Amino acid sequence: MRKAAVILAIIANFYGFSQNKQVLYNFTSIPQSLLVNPGADVSYKYYFGIPLLSGISANVGSSSYSAYDLFADNGVDFNDKIRNIIQKSSSNDKTYINEQLEVFSGGFRVGGSESQSYVSFGLYQEFDFLMYFPKDLAILAVDGNQNYIGRSFDLSDLNVKAEVLSVFHVGFHKKINKKLVLGGRFKMYSSGANATSTQNSGFIYTGQNTTGIPNIYTQIIDSNLELRTSGIAKFTKDEYEGSIPGDVARNTFLGGSLGLGIDAGLTYYFKDNLQFTASIIDLGFIKQSKDIETLTYKGKYQYDGVQPNFSNADEPENIFDEFEKAIPRDTLYNKYTTWRPTKFNASIQYSFGEKRSDEECNCKAQSMRKYVNAVGAQMFAMTTPQNPFIAFTAFYKRSILEKLDVKATYTLDAFSNKNIGFGLSGTIGKVNIYALVDNILEFRDVSKANSMAFQFGLNYVLQDLDE
Amino acid sequence: MKLCLKKRVFTILCLSLLFISCSSDLDFNQTDDFKLEPVFVANLVYFDVPAHDFVDDGTEHIVAFDAEDFDVFKDKFFNDNLAKAEFDFEITNTINRAFTVSLLLLNDNDEQLETLDYEVSAYTGSANISKFHEVFEEQRLDLLKQTTKVAFVIHIKAGSPLNENSLGNLKLRSSATVYMEIE
């Protein structure tokens, strides 16, 4: 039970996320914006990310409770807080964590100085966790069934998945003409650890019998539970004596379960100052094949209590044996396929206010007019085991100085209806620094935030202009 | 000019990286108070013995006996976290004889840990339901937790003899209410 408390604490600590990178999306002065749209209008002669510092992002969220709800130092009993959270949560509420760390990244222009074709590549590590609130099971654990006679506790409320993986990617984008940029990215996933339990069903039911049916209660457990794991089974064995983080890391980068995926995207200019973009990210799968173990509890059991038989000597019945016979724990070793959470982004942007260069004269290589301001709207959607996660964003972008851009966003999603994000991208010499955060209003008291995200990174970028 | 600009850019960047944030006081030690106290109800024992079952070859047996495994307390988690138990018995007698129904709680070595005796009056034509309530706490609960078998003894008290054609049943149904404390 300590374990349960610790897990609960960890979840609450890192609470929730959505993988929506609304501030980064189409922020084209940051090379990493290519990771959310491989067809973004990004140009460079070459760039490389400062290893391990080029892209650090974390995204956490919980739609129904915050750290404050659970850990506030306000004299309310901890167990009452848990009860309150259970009461106000529904089985559609989710807790989400996503973390990404770029190990290395880079890109270069291919072809001559007139070419507008670019290659980018990199390796990043990612951690994903998504859990729906297991409301019915939480009620059963906290209250028991005594006050819930006649109610079916739904086992499908158990819906959780987690994965640690590394992603190696190579992308290509090309400015086809003045109006259109097309891009694609090929990804190779290596999953170090995966746990998936998203296809559960069944119920636990206790009904009170009226006359006619002899026993006091009708008690049925109908279970169709399945937990699929890959890269985890050996840690659960008694003889395991290694270091779990070390082994997960090794599996993640070397010898994990492999998968493939693609990203695709485009940028289209209706006019110089009216731009449309769209992208689809992580359309891919992982064939879970290393150290796989699937646990199932499938069957139906009706509990009738002890039933002595006075007329015939009978074999004594054994409640546990009967239960285990009815709902056996099976271990399977079949490979299975998991689909990556696929993300879809789109934006429309209107720019205004022509830019005046601070520098003396900078007339070369300006094929298009530059604007100081841009406003627009973005949409984000992501597949989840239940309904897709959808977010809408309005944004304003401005070049404050020649090499300093800011972007502010206002986002509506399941976690918040007042998510204001802010991002900065600046260049000092040839080093590009960016820092992006969302849910700024929650900074007044981060413990009460339902979601939070940040991205930070350093790149070395060489433009033609720099020569 | 250019240098000055760079300085400004740098200053602005540095300042903006220091996003000022606050947090209410949080107390993570509260997890020490974490305690689940669910209450579960479940069927316990059920039987329904017709009057003629007490008769064999025209002879009345005054004692009926059966023993059953009852191994729920062998489950360590359940055993460790069980704080209190209550048993509710409901005995309906429609046989024209009085009975003593006994439940013997036995351990692995068939040693008797506790005996529950219930007197049931004879059926005289009107509803004849007896209810009994047992509470297991502290020492009594400790004995209950050692239980691995339950023996059932039905003792028929003196009265007009039963035969193969005697009517009526002796029915027992019961429930357990278990109070868990999981820390």
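**Chain B and its contact with chain A**

Good morning. I begin with one residue, V150(B), which touches V306(A) in the other chain, and also E68(B), F70(B), L103(B), L104(B), L105(B) and L106(B), leaving aside residues up to four places away in sequence. Please bear in mind throughout that this is a predicted model.

V150(B) also belongs to the largest nonpolar core, where V150(B), F99(B), V101(B) and I154(B) have the most contacts inside the core. That core has 25 residues. Four strands of chain B, namely β1, β6 (99-106), β9 and β10, each supply at least two of its residues. Which strand gives the most to this core? It is β6(B), with 5 residues. Apart from this core lies another, made up of 16 residues, with V23(A), F27(A), I30(A) and L34(A) among them.

Let me now turn to the overall make-up of chain B. Its secondary structure consists of 3 helices and 10 strands. Read from the N terminus, the elements follow the order α-β-β-β-β-α-β-β-β-β-α-β-β. Chain B has 183 residues, of which 21% count as buried. Among contacts in chain B with a separation of 6 or more, 84% are between residues 24 or more positions apart.

Next, the sheet. Chain B contains an open sheet of 4 strands in the order β1-β10-β5-β8, with antiparallel pairing. At its edges stand β1 and β8 (129-136) of chain B, each of which pairs on one side only. From one strand to the next, the twist averages 15 degrees. Between β1(B) and β10(B), which run antiparallel, there are 10 bridges. As for individual residues, F47(B) is placed opposite L172(B), a residue of β10(B). Helix α3 of chain B, residues 138-145, lies across β5 (82-93) and β8 of chain B, and runs at about 80 degrees to β5(B).

Finally, I come to the contact between the two chains. Here 54 residues of chain B are in contact with 53 residues of chain A. Which elements of chain B each supply at least two residues of the side that touches chain A? They are α1 (2-17), β1 (39-50), β4 (63-69), β9 (149-156) and β10 (169-180). The largest share of that side comes from β1(B), with 11 residues. Sorted by class, the side of chain B that touches chain A comprises 31 nonpolar, 10 polar and 13 charged residues.

Methods
Residues are numbered from 1 along each chain as its sequence is written. Chains are lettered from A and ligands numbered from 1 in the order in which they are written. This is a predicted model: local features need pLDDT of at least 70, side-chain atom pairs count only at pLDDT 80 or more; totals for chains, interfaces and linings use all residues. Two residues are in contact if their C-beta atoms, placed from the backbone, lie within 7 Å. Ala, Val, Leu, Ile, Met, Phe, Trp, Tyr, Cys and Pro count as nonpolar, Asp, Glu, Lys and Arg as charged, and the others, Gly among them, as polar. A nonpolar core is a set of buried Ala, Val, Leu, Ile, Met, Phe, Trp, Tyr and Cys residues joined through C-beta atoms within 7 Å. A residue is buried if 20 or more other C-beta atoms lie within 10 Å of its own, exposed if 12 or fewer, and partly exposed in between; C-beta atoms are placed from the backbone. Two strands pair if DSSP finds at least two bridges between them. Axes are lines fitted to C-alpha atoms, for helices over the stretch in contact, and angles run from 0 to 180 degrees between N-to-C directions.
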